[in-house]
Amino acid sequence: MTTENTEAVGDADGEQRHGERPFDPWRFPITLSGQNFVDEVAALLEAHEEEAGLRKRKRRPNDKRTFERMLTALASDLAINALCDEATGLHLSRSNRHLGRVSRYGNAATSKTLRQLLDLMADPRVALIEQKLGYRAKKGQSKRTVVVPSVRLQQLVQLYELTPADFGERPRPEPIELKSCPVSRKKRGQLIDYPETAITMGLRSQVREINVFLSMASLDFTGSAAVDVNKRQLRRVFTRESFESGGRLFGGFWQLMSKRDRLSHLKINGEDVIELDYGQVMPRLVYALAGQVPGMDDLYAIPGFEEYRPGIKKVASSMLFVEAPKSRFPVDTRHLFPKAVKIGDVTDAIMAAHPDIAGYFFTGIGHRCQFLESEILVEVLLTLKSHGIVALPIHDAVLVPASAAAKAMAVMLEVFKKRTGQEGVVDLITKEQLETADDTSDEAEVHAEPLQLVA
(Lines give C-alpha, C1' and ligand atoms only; values in the text may rest on other atoms or scores of the structure.)
Protein backbone atom coordinates (compact mmCIF):
# COMPACT_ATOMS: atom_id res chain seq x y z
CA MET A 1 0.00 0.00 0.00
CA THR A 2 1.12 3.54 -0.63
CA THR A 3 1.94 5.55 2.45
CA GLU A 4 0.88 8.99 1.34
CA ASN A 5 -2.39 10.20 2.69
CA THR A 6 -4.28 13.36 1.93
CA GLU A 7 -5.72 14.05 5.33
CA ALA A 8 -4.06 15.18 8.53
CA VAL A 9 -4.51 12.89 11.48
CA GLY A 10 -4.27 15.85 13.85
CA ASP A 11 -6.54 18.86 14.29
CA ALA A 12 -7.46 21.64 11.92
CA ASP A 13 -4.22 23.45 12.66
CA GLY A 14 -2.22 20.39 11.68
CA GLU A 15 -1.21 19.41 15.21
CA GLN A 16 -0.42 15.73 15.48
CA ARG A 17 -2.06 14.12 18.49
CA HIS A 18 -1.55 10.82 20.21
CA GLY A 19 -4.42 9.49 22.29
CA GLU A 20 -7.00 12.24 21.93
CA ARG A 21 -9.10 12.24 18.79
CA PRO A 22 -11.28 14.89 17.14
CA PHE A 23 -14.79 15.41 18.50
CA ASP A 24 -17.31 13.75 16.17
CA PRO A 25 -20.42 15.99 16.12
CA TRP A 26 -22.47 13.46 14.13
CA ARG A 27 -22.97 10.87 16.88
CA PHE A 28 -26.35 10.16 18.49
CA PRO A 29 -28.05 7.33 20.44
CA ILE A 30 -29.85 4.66 18.43
CA THR A 31 -31.06 2.47 21.30
CA LEU A 32 -33.22 3.06 24.37
CA SER A 33 -30.20 2.60 26.66
CA GLY A 34 -28.22 5.18 24.72
CA GLN A 35 -31.10 7.66 24.77
CA ASN A 36 -31.66 7.12 28.52
CA PHE A 37 -27.98 7.91 29.10
CA VAL A 38 -28.21 11.15 27.12
CA ASP A 39 -31.43 12.07 28.95
CA GLU A 40 -29.67 11.50 32.28
CA VAL A 41 -26.84 13.84 31.28
CA ALA A 42 -29.39 16.45 30.20
CA ALA A 43 -31.28 16.13 33.49
CA LEU A 44 -28.09 16.64 35.51
CA LEU A 45 -27.26 19.80 33.56
CA GLU A 46 -30.80 21.20 33.83
CA ALA A 47 -30.84 20.57 37.58
CA HIS A 48 -27.48 22.30 37.93
CA GLU A 49 -28.66 25.34 35.93
CA GLU A 50 -31.75 25.63 38.15
CA GLU A 51 -29.96 25.16 41.47
CA ALA A 52 -27.19 27.59 40.56
CA GLY A 53 -29.62 30.15 39.12
CA LEU A 54 -27.75 30.20 35.83
CA ARG A 55 -30.84 30.82 33.70
CA LYS A 56 -33.51 33.44 34.34
CA ARG A 57 -35.72 32.26 31.49
CA LYS A 58 -36.15 29.19 29.36
CA ARG A 59 -34.26 28.83 26.10
CA ARG A 60 -36.09 29.90 23.00
CA PRO A 61 -37.29 26.98 20.81
CA ASN A 62 -34.49 27.32 18.25
CA ASP A 63 -31.85 27.73 20.93
CA LYS A 64 -33.26 24.76 22.82
CA ARG A 65 -33.05 22.54 19.71
CA THR A 66 -29.47 23.62 19.06
CA PHE A 67 -28.47 23.03 22.68
CA GLU A 68 -30.09 19.59 22.72
CA ARG A 69 -28.38 18.66 19.44
CA MET A 70 -25.01 19.67 20.88
CA LEU A 71 -25.60 17.88 24.15
CA THR A 72 -26.69 14.71 22.33
CA ALA A 73 -23.62 14.69 20.09
CA LEU A 74 -21.13 15.51 22.85
CA ALA A 75 -22.57 13.06 25.40
CA SER A 76 -22.73 10.30 22.77
CA ASP A 77 -19.18 10.85 21.56
CA LEU A 78 -17.85 11.05 25.13
CA ALA A 79 -19.53 7.71 25.87
CA ILE A 80 -17.88 6.20 22.79
CA ASN A 81 -14.55 7.68 23.87
CA ALA A 82 -14.94 6.09 27.29
CA LEU A 83 -15.81 2.73 25.74
CA CYS A 84 -13.41 2.56 22.78
CA ASP A 85 -10.60 5.03 23.44
CA GLU A 86 -9.97 4.37 27.14
CA ALA A 87 -11.26 7.86 27.98
CA THR A 88 -8.26 9.50 26.33
CA GLY A 89 -10.40 12.51 25.45
CA LEU A 90 -11.67 14.52 22.50
CA HIS A 91 -10.06 17.62 21.06
CA LEU A 92 -12.14 20.45 19.66
CA SER A 93 -12.13 24.19 19.14
CA ARG A 94 -13.76 26.81 21.36
CA SER A 95 -12.69 29.61 19.03
CA ASN A 96 -15.20 31.96 17.43
CA ARG A 97 -13.25 31.41 14.21
CA HIS A 98 -14.58 27.86 14.13
CA LEU A 99 -17.79 27.73 16.17
CA GLY A 100 -20.91 28.88 14.42
CA ARG A 101 -19.10 29.55 11.16
CA VAL A 102 -21.56 29.26 8.28
CA SER A 103 -20.27 26.89 5.64
CA ARG A 104 -21.25 23.78 3.74
CA TYR A 105 -19.38 21.76 6.39
CA GLY A 106 -21.24 23.27 9.36
CA ASN A 107 -23.14 21.36 12.03
CA ALA A 108 -25.54 22.46 14.75
CA ALA A 109 -23.43 20.59 17.29
CA THR A 110 -20.55 23.02 16.77
CA SER A 111 -22.30 26.35 17.31
CA LYS A 112 -21.02 29.05 19.66
CA THR A 113 -23.24 27.64 22.41
CA LEU A 114 -20.82 24.70 22.61
CA ARG A 115 -18.59 26.72 24.95
CA GLN A 116 -21.48 27.15 27.37
CA LEU A 117 -22.22 23.42 27.28
CA LEU A 118 -18.58 22.51 27.91
CA ASP A 119 -18.35 24.85 30.88
CA LEU A 120 -21.56 23.42 32.34
CA MET A 121 -20.30 19.85 32.04
CA ALA A 122 -16.91 20.80 33.50
CA ASP A 123 -18.36 22.64 36.52
CA PRO A 124 -17.15 20.82 39.67
CA ARG A 125 -20.73 20.60 40.90
CA VAL A 126 -21.57 18.51 37.81
CA ALA A 127 -18.17 17.03 36.98
CA LEU A 128 -19.08 15.21 33.80
CA ILE A 129 -15.90 16.16 31.96
CA GLU A 130 -12.41 17.39 32.61
CA GLN A 131 -11.58 20.31 30.35
CA LYS A 132 -8.06 21.36 29.35
CA LEU A 133 -8.40 24.71 27.65
CA GLY A 134 -6.48 25.27 24.47
CA TYR A 135 -4.77 28.39 23.23
CA ARG A 136 -3.68 30.03 20.00
CA ALA A 137 -0.02 30.92 19.64
CA LYS A 138 1.40 33.51 17.25
CA LYS A 139 4.57 31.47 17.05
CA GLY A 140 4.80 27.76 17.54
CA GLN A 141 1.97 25.27 17.70
CA SER A 142 -1.48 26.21 18.94
CA LYS A 143 -3.35 23.81 21.20
CA ARG A 144 -6.96 22.82 20.91
CA THR A 145 -9.18 22.28 23.93
CA VAL A 146 -9.29 18.70 25.17
CA VAL A 147 -12.31 17.28 27.01
CA VAL A 148 -12.00 13.98 28.87
CA PRO A 149 -14.88 11.83 30.20
CA SER A 150 -14.85 12.17 33.98
CA VAL A 151 -15.11 9.30 36.43
CA ARG A 152 -18.73 10.28 36.98
CA LEU A 153 -19.55 10.09 33.28
CA GLN A 154 -17.75 6.77 32.97
CA GLN A 155 -19.82 5.45 35.86
CA LEU A 156 -22.99 6.52 34.03
CA VAL A 157 -21.77 4.63 30.95
CA GLN A 158 -21.39 1.53 33.12
CA LEU A 159 -24.71 2.11 34.89
CA TYR A 160 -26.62 2.06 31.60
CA GLU A 161 -24.53 -0.90 30.40
CA LEU A 162 -23.65 0.92 27.20
CA THR A 163 -21.70 -0.49 24.27
CA PRO A 164 -20.55 1.23 21.06
CA ALA A 165 -23.56 -0.35 19.33
CA ASP A 166 -25.84 2.01 21.29
CA PHE A 167 -24.72 4.93 19.12
CA GLY A 168 -24.89 5.72 15.42
CA GLU A 169 -23.93 8.48 12.98
CA ARG A 170 -26.15 11.14 11.49
CA PRO A 171 -25.65 11.52 7.73
CA ARG A 172 -23.23 14.30 6.91
CA PRO A 173 -24.87 16.90 4.68
CA GLU A 174 -21.53 17.33 2.91
CA PRO A 175 -19.48 14.17 2.22
CA ILE A 176 -17.29 15.96 -0.34
CA GLU A 177 -14.48 18.01 1.21
CA LEU A 178 -12.08 20.35 -0.55
CA LYS A 179 -8.90 21.54 1.14
CA SER A 180 -6.61 24.43 0.37
CA CYS A 181 -2.95 24.01 -0.50
CA PRO A 182 -0.85 23.27 2.59
CA VAL A 183 1.22 26.18 3.82
CA SER A 184 3.84 23.93 5.39
CA ARG A 185 4.26 20.50 6.95
CA LYS A 186 2.80 21.83 10.21
CA LYS A 187 0.17 24.05 8.59
CA ARG A 188 -1.91 21.73 6.47
CA GLY A 189 -4.64 22.60 4.03
CA GLN A 190 -7.90 23.88 5.50
CA LEU A 191 -11.44 23.12 4.40
CA ILE A 192 -12.62 25.65 1.83
CA ASP A 193 -15.90 26.35 0.07
CA TYR A 194 -16.43 25.63 -3.60
CA PRO A 195 -19.04 26.38 -6.28
CA GLU A 196 -21.61 23.72 -7.01
CA THR A 197 -21.17 22.09 -10.40
CA ALA A 198 -22.32 18.96 -12.19
CA ILE A 199 -18.99 17.40 -11.17
CA THR A 200 -19.42 18.07 -7.43
CA MET A 201 -23.02 16.87 -7.53
CA GLY A 202 -21.90 13.66 -9.20
CA LEU A 203 -19.09 13.10 -6.70
CA ARG A 204 -21.47 13.70 -3.78
CA SER A 205 -24.07 11.32 -5.20
CA GLN A 206 -21.50 8.53 -5.49
CA VAL A 207 -20.34 8.84 -1.87
CA ARG A 208 -23.90 9.00 -0.58
CA GLU A 209 -24.79 5.86 -2.52
CA ILE A 210 -21.81 4.05 -0.99
CA ASN A 211 -22.66 5.32 2.50
CA VAL A 212 -26.29 4.19 2.32
CA PHE A 213 -25.14 0.71 1.29
CA LEU A 214 -22.55 0.53 4.09
CA SER A 215 -25.07 1.77 6.67
CA MET A 216 -27.13 -1.40 6.06
CA ALA A 217 -24.16 -3.79 6.03
CA SER A 218 -23.67 -6.43 8.70
CA LEU A 219 -20.29 -5.56 10.25
CA ASP A 220 -18.95 -7.06 13.47
CA PHE A 221 -15.69 -7.07 15.40
CA THR A 222 -14.95 -10.21 17.42
CA GLY A 223 -11.76 -9.09 19.18
CA SER A 224 -11.52 -8.26 22.87
CA ALA A 225 -11.34 -4.49 22.32
CA ALA A 226 -14.47 -2.37 22.06
CA VAL A 227 -14.77 -1.09 18.49
CA ASP A 228 -17.24 1.48 17.20
CA VAL A 229 -18.50 -0.53 14.22
CA ASN A 230 -21.27 2.00 13.53
CA LYS A 231 -18.72 4.62 12.48
CA ARG A 232 -18.84 3.80 8.80
CA GLN A 233 -19.86 7.04 7.10
CA LEU A 234 -17.27 7.92 4.43
CA ARG A 235 -16.30 11.28 3.05
CA ARG A 236 -14.11 12.01 0.05
CA VAL A 237 -11.27 14.49 0.67
CA PHE A 238 -9.81 16.46 -2.22
CA THR A 239 -6.65 18.50 -1.79
CA ARG A 240 -4.76 21.50 -3.18
CA GLU A 241 -7.96 23.31 -4.13
CA SER A 242 -8.67 20.85 -6.92
CA PHE A 243 -11.19 18.10 -7.57
CA GLU A 244 -8.44 16.32 -9.49
CA SER A 245 -6.07 16.06 -6.53
CA GLY A 246 -6.38 13.51 -3.74
CA GLY A 247 -9.95 12.30 -3.44
CA ARG A 248 -9.40 9.39 -1.07
CA LEU A 249 -12.19 8.10 1.16
CA PHE A 250 -11.93 8.58 4.92
CA GLY A 251 -14.11 8.00 7.96
CA GLY A 252 -14.59 4.24 8.32
CA PHE A 253 -13.68 2.67 11.65
CA TRP A 254 -11.77 -0.14 9.89
CA GLN A 255 -9.27 2.30 8.38
CA LEU A 256 -7.73 3.06 11.77
CA MET A 257 -7.40 -0.57 12.79
CA SER A 258 -4.22 -2.58 12.39
CA LYS A 259 -4.10 -4.96 9.46
CA ARG A 260 -3.86 -7.89 11.87
CA ASP A 261 -7.01 -6.83 13.74
CA ARG A 262 -8.92 -6.25 10.52
CA LEU A 263 -8.14 -9.66 9.10
CA SER A 264 -8.38 -11.56 12.37
CA HIS A 265 -11.48 -10.05 13.95
CA LEU A 266 -13.55 -8.11 11.42
CA LYS A 267 -16.60 -9.90 10.01
CA ILE A 268 -18.77 -8.95 7.04
CA ASN A 269 -22.09 -10.82 6.97
CA GLY A 270 -20.60 -13.12 9.61
CA GLU A 271 -17.67 -14.09 7.33
CA ASP A 272 -13.94 -13.59 7.72
CA VAL A 273 -12.58 -10.85 5.51
CA ILE A 274 -9.69 -10.79 3.09
CA GLU A 275 -7.80 -7.76 1.83
CA LEU A 276 -7.35 -7.07 -1.88
CA ASP A 277 -4.59 -4.58 -2.48
CA TYR A 278 -3.61 -2.91 -5.74
CA GLY A 279 0.08 -3.76 -6.09
CA GLN A 280 2.66 -1.07 -6.92
CA VAL A 281 -0.25 1.22 -7.68
CA MET A 282 1.50 4.61 -7.66
CA PRO A 283 4.26 3.85 -10.19
CA ARG A 284 1.78 1.92 -12.34
CA LEU A 285 -0.49 4.98 -12.42
CA VAL A 286 2.44 7.17 -13.44
CA TYR A 287 3.12 4.80 -16.33
CA ALA A 288 -0.56 5.02 -17.30
CA LEU A 289 -0.55 8.84 -17.24
CA ALA A 290 2.64 8.84 -19.30
CA GLY A 291 1.09 6.49 -21.85
CA GLN A 292 3.86 3.94 -21.25
CA VAL A 293 3.82 0.24 -20.35
CA PRO A 294 6.08 -0.95 -17.51
CA GLY A 295 8.96 -3.11 -18.67
CA MET A 296 9.30 -5.04 -15.40
CA ASP A 297 6.89 -7.07 -13.28
CA ASP A 298 7.95 -5.75 -9.88
CA LEU A 299 8.37 -2.00 -10.20
CA TYR A 300 10.17 -1.83 -6.85
CA ALA A 301 12.79 -4.46 -7.80
CA ILE A 302 15.51 -1.90 -8.48
CA PRO A 303 18.86 -3.32 -9.68
CA GLY A 304 21.41 -3.12 -6.90
CA PHE A 305 18.72 -2.65 -4.24
CA GLU A 306 16.76 -5.90 -4.54
CA GLU A 307 17.24 -6.61 -0.83
CA TYR A 308 15.87 -3.21 0.18
CA ARG A 309 12.43 -3.28 -1.41
CA PRO A 310 10.54 -1.74 1.58
CA GLY A 311 12.86 1.24 1.52
CA ILE A 312 12.67 1.55 -2.27
CA LYS A 313 8.88 1.57 -2.09
CA LYS A 314 8.81 4.44 0.40
CA VAL A 315 11.47 6.52 -1.34
CA ALA A 316 9.93 6.03 -4.79
CA SER A 317 6.52 7.05 -3.47
CA SER A 318 7.97 10.16 -1.84
CA MET A 319 9.66 11.11 -5.12
CA LEU A 320 6.22 11.37 -6.72
CA PHE A 321 4.83 13.82 -4.18
CA VAL A 322 7.67 16.32 -3.81
CA GLU A 323 8.48 18.90 -6.45
CA ALA A 324 12.27 19.00 -6.28
CA PRO A 325 15.06 16.49 -5.71
CA LYS A 326 16.03 16.15 -2.06
CA SER A 327 19.30 15.52 -0.33
CA ARG A 328 17.81 13.70 2.66
CA PHE A 329 16.05 10.41 3.20
CA PRO A 330 12.32 10.51 3.94
CA VAL A 331 11.38 10.00 7.58
CA ASP A 332 11.65 6.38 8.76
CA THR A 333 13.59 5.25 5.69
CA ARG A 334 17.24 5.95 6.54
CA HIS A 335 17.44 2.72 8.55
CA LEU A 336 16.15 0.72 5.58
CA PHE A 337 19.41 1.15 3.67
CA PRO A 338 23.09 0.56 4.46
CA LYS A 339 24.84 3.52 6.10
CA ALA A 340 27.12 3.98 3.11
CA VAL A 341 24.16 4.50 0.77
CA LYS A 342 23.13 8.10 0.12
CA ILE A 343 19.67 9.32 -0.87
CA GLY A 344 21.03 10.28 -4.30
CA ASP A 345 22.22 6.73 -4.87
CA VAL A 346 18.68 5.47 -4.28
CA THR A 347 16.81 8.10 -6.30
CA ASP A 348 19.24 7.78 -9.21
CA ALA A 349 18.82 4.00 -9.25
CA ILE A 350 15.03 4.31 -9.21
CA MET A 351 15.02 6.75 -12.11
CA ALA A 352 17.52 4.66 -14.06
CA ALA A 353 15.28 1.60 -13.65
CA HIS A 354 12.29 3.57 -14.96
CA PRO A 355 13.58 5.72 -17.83
CA ASP A 356 10.14 6.04 -19.44
CA ILE A 357 8.76 7.90 -16.41
CA ALA A 358 11.95 9.39 -14.97
CA GLY A 359 10.82 12.88 -15.95
CA TYR A 360 7.73 12.57 -13.76
CA PHE A 361 9.60 12.15 -10.49
CA PHE A 362 9.94 15.30 -8.38
CA THR A 363 7.01 16.97 -10.17
CA GLY A 364 4.27 16.40 -7.58
CA ILE A 365 2.41 14.07 -9.92
CA GLY A 366 1.57 11.85 -6.96
CA HIS A 367 -1.45 14.01 -6.11
CA ARG A 368 -2.86 13.47 -9.59
CA CYS A 369 -2.12 9.76 -9.31
CA GLN A 370 -3.91 9.68 -5.99
CA PHE A 371 -6.97 11.17 -7.65
CA LEU A 372 -6.92 8.49 -10.35
CA GLU A 373 -6.50 5.86 -7.66
CA SER A 374 -9.51 7.25 -5.77
CA GLU A 375 -11.61 7.26 -8.95
CA ILE A 376 -10.73 3.61 -9.49
CA LEU A 377 -11.64 2.69 -5.90
CA VAL A 378 -14.98 4.50 -6.03
CA GLU A 379 -15.91 2.68 -9.24
CA VAL A 380 -14.82 -0.62 -7.68
CA LEU A 381 -17.05 0.01 -4.64
CA LEU A 382 -20.06 0.93 -6.77
CA THR A 383 -19.55 -2.05 -9.08
CA LEU A 384 -19.27 -4.45 -6.14
CA LYS A 385 -22.39 -2.86 -4.64
CA SER A 386 -24.26 -3.66 -7.85
CA HIS A 387 -23.34 -7.31 -7.23
CA GLY A 388 -24.49 -7.09 -3.59
CA ILE A 389 -20.91 -7.32 -2.27
CA VAL A 390 -19.97 -5.20 0.74
CA ALA A 391 -16.47 -3.75 0.34
CA LEU A 392 -14.68 -1.55 2.86
CA PRO A 393 -12.12 0.80 1.26
CA ILE A 394 -8.63 1.45 2.62
CA HIS A 395 -7.27 3.93 0.06
CA ASP A 396 -5.88 1.56 -2.61
CA ALA A 397 -7.33 -1.64 -1.16
CA VAL A 398 -10.65 -3.15 -0.12
CA LEU A 399 -11.82 -5.59 2.51
CA VAL A 400 -14.45 -8.06 1.30
CA PRO A 401 -15.99 -11.29 2.62
CA ALA A 402 -13.75 -14.26 1.87
CA SER A 403 -16.44 -15.83 -0.32
CA ALA A 404 -16.38 -12.77 -2.61
CA ALA A 405 -12.61 -12.74 -3.14
CA ALA A 406 -12.60 -14.03 -6.72
CA LYS A 407 -15.39 -11.74 -7.91
CA ALA A 408 -13.93 -8.70 -6.17
CA MET A 409 -10.47 -9.32 -7.62
CA ALA A 410 -11.95 -9.63 -11.12
CA VAL A 411 -13.80 -6.34 -10.67
CA MET A 412 -10.66 -4.57 -9.43
CA LEU A 413 -8.61 -5.76 -12.41
CA GLU A 414 -11.39 -4.89 -14.85
CA VAL A 415 -11.83 -1.36 -13.49
CA PHE A 416 -8.08 -0.74 -13.43
CA LYS A 417 -7.81 -1.76 -17.09
CA LYS A 418 -10.81 0.38 -18.00
CA ARG A 419 -9.44 3.48 -16.24
CA THR A 420 -5.76 3.19 -17.21
CA GLY A 421 -5.67 1.07 -20.34
CA GLN A 422 -3.15 -1.19 -18.61
CA GLU A 423 -3.13 -4.45 -16.71
CA GLY A 424 -3.15 -4.06 -12.96
CA VAL A 425 -1.88 -6.22 -10.13
CA VAL A 426 -4.01 -7.19 -7.15
CA ASP A 427 -2.53 -8.88 -4.08
CA LEU A 428 -4.72 -11.02 -1.83
CA ILE A 429 -3.92 -11.00 1.89
CA THR A 430 -5.52 -13.31 4.47
CA LYS A 431 -5.18 -13.64 8.22
CA GLU A 432 -3.37 -16.97 7.69
CA GLN A 433 -0.68 -15.14 5.73
CA LEU A 434 -0.19 -12.68 8.56
CA GLU A 435 0.01 -15.48 11.10
CA THR A 436 2.72 -17.32 9.18
CA ALA A 437 4.69 -14.33 7.84
CA ASP A 438 7.06 -12.04 9.67
CA ASP A 439 4.71 -9.08 9.28
CA THR A 440 6.36 -5.79 10.16
CA SER A 441 3.53 -3.62 8.89
CA ASP A 442 1.01 -4.56 11.55
CA GLU A 443 -0.29 -1.10 12.16
CA ALA A 444 -2.97 1.15 10.72
CA GLU A 445 -1.68 2.62 7.49
CA VAL A 446 -2.87 6.17 8.16
CA HIS A 447 -0.14 8.72 7.60
CA ALA A 448 0.17 12.31 6.59
CA GLU A 449 0.68 13.33 2.96
CA PRO A 450 4.14 13.21 1.46
CA LEU A 451 6.86 11.73 3.61
CA GLN A 452 8.85 14.37 5.45
CA LEU A 453 12.58 14.45 4.79
CA VAL A 454 15.18 14.15 7.52
CA ALA A 455 18.94 13.90 7.72
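This is a predicted model: local features need pLDDT of at least 70, side-chain atom pairs count only at pLDDT 80 or more; totals for chains, interfaces and linings use all residues.
Two strands are said to pair if DSSP finds at least two bridges between them.

Strand β11 (residues 266-268) pairs with β12 in the antiparallel sense, over 2 bridges. Ile268 has Glu271 in β12 as its bridge partner. The hairpin formed by β11 and β12 has 2 residues between the strands, and Asn269 adopts a positive phi near 55° there.

With strand β15 (residues 397-401), β12 forms an antiparallel pairing over 5 bridges, in which Leu276 stands opposite Val398. With strand β16 (residues 426-429), β12 is again paired in the antiparallel sense, over 4 bridges; here Tyr278 stands opposite Val426. Burial can be considered next, where buried means under 20% relative accessible area. Of the 8 residues of strand β12 (residues 271-278), 6 are buried, so the strand is largely enclosed by the rest of the structure.

Another part of the model holds an open sheet of 3 strands, ordered β7-β9-β10, with mixed pairing. Its edge strands, each pairing on one side only, are β7 (176-178) and β10 (246-250). From one strand to the next, the twist averages 25°. Strand β9 (residues 235-238) and β7 are joined in the parallel sense over 3 bridges, and Glu177 stands opposite Val237 in β9. Strands of a sheet pair through backbone hydrogen bonds, whether parallel or antiparallel. Across β7, β9 and β10 lies helix α5 (residues 198-215), which runs at about 145° to β9.

Methods
Residues are numbered from 1 along each chain as its sequence is written. Side-chain values use heavy atoms; hydrogens and water are left out. Axes are lines fitted to C-alpha atoms, for helices over the stretch in contact, and angles run from 0 to 180 degrees between N-to-C directions. Contact means heavy atoms within 4.5 Å. Buried means under 20% relative accessible area, exposed over 50%, partly exposed in between (1.4 Å probe, protein chains only).
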